[in-house]
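Visitor: I am new to this structure. Please take one part and walk me through it closely.

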Amino acid sequence: MKRVSMVDLNLHCHCNAFSFSFVKMKNNTTASQEKCIIRLLLYHFGVNLPVMLASYPVFRHMGMQTSLPFPSWNVILTQITFYFILEDFIFYWGHRILHTKWMYKHVHSVHHEYATPFGLTSEYAHPAEILFLGFATIIGPAITGPHLLTLWLWMVLRVLETVEAHCGYHFPWSLSNFLPLYGGADFHDYHHRLLYTKSGNYSSTFTYMDWVFGTDKGYRKLQALKDGGVENGGKQM
Ligand SMILES: [Zn+2]
Ligand SMILES: [Zn+2]
């Protein structure tokens, strides 16, 4: 499999989506991984759980069903697709705000402590950011009042998506190999490697928002350089 570290380009090799190269930049220490796990437990019980409990009446008020029959797959897939698009849009702008000087220094720098992310770091963030960007995750269900099954499915898929984006590996089965507008680990790894003012790649799931607003130029340039290096006899930058 391919570690998608972007900084040490000398170590990049191989040419197609199914070739794997190990290009890990640096290991996270055991202590830093322990710190991540402890903080996550603290935030999940101290922040996420209270938000879940508080949002339950809102979902009920908006018509959330918890009884049989289950909704059709058509309804489930339509709602979840809508949630992904809405979440990505709000996340993009929220994330750009988090990359302004004050917000980065006091809030978002916590999430960027890990320049070489691993799956668990996807949830590692300042409590204020958990609330701020968590809004993007729950606004879709909050305004449409889905069945509880749809809500759970959405939450599971959203967590899987962000864990994959932070896992640091580009797998043969990664969705970005099959869906042209899907970001994935390579896309988000780039975001974690640059200075906060130059990061780019602010979207959570898709790539089109960064393309439309020109915040993926550095990433695209790097991709072009890598592709060019491959096409010219397999040599990399
Ligand atoms: Zn960021
Ligand atoms: Zn991240």
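Guide: Start with residues 40–59. In this predicted model, that span is 100% helix and 0% strand. Its end C-alpha atoms lie 25 Å apart. The unreviewed UniProt entry annotates residues 40–59 as "transmembrane region", along with 71–93 and 130–155. Compare the stretch 130–155. Here the chain is 88% helix and 0% strand. The end C-alpha atoms of residues 130–155 are 14 Å apart.

Now turn to helix H2, residues 73–98.

Which residues of H2 are buried? They are Gln 79, Tyr 83, Glu 87, Asp 88, Phe 91, Tyr 92, His 95 and Leu 98. Keep one rule in mind as you read that list. An α-helix has 3.6 residues a turn, so residues three or four places apart point the same way. The cover over the buried residues of H2 includes H3, H4, helix H5 (148–166) and helix H7 (208–212).

Thr 121 sits in the loop between H3 (101–106) and H4 (127–144). Thr 121 counts as buried because 24 other C-beta atoms lie within 10 Å, and the cut-off is 20 or more. Beyond its neighbours within four places in sequence, Thr 121 is in contact with Cys 36, Tyr 114 and His 166. Thr 121 and Ile 37 are 84 residues apart in sequence, yet 8.7 Å apart in space, C-alpha to C-alpha.

Technical notes
Residues are numbered from 1 along each chain as its sequence is written. Chains are lettered from A and ligands numbered from 1 in the order in which they are written. This is a predicted model: local features need pLDDT of at least 70, side-chain atom pairs count only at pLDDT 80 or more; totals for chains, interfaces and linings use all residues. Helices (H or I, at least four residues) and strands (E, at least two) are DSSP runs, numbered from the N terminus. A residue is buried if 20 or more other C-beta atoms lie within 10 Å of its own, exposed if 12 or fewer, and partly exposed in between; C-beta atoms are placed from the backbone. Two residues are in contact if their C-beta atoms, placed from the backbone, lie within 7 Å. The expected span of a helix is 1.5 Å times one less than its number of residues. UniProt positions are given in the numbering used here, feature names are shortened, and annotations may be inferred rather than shown by experiment.
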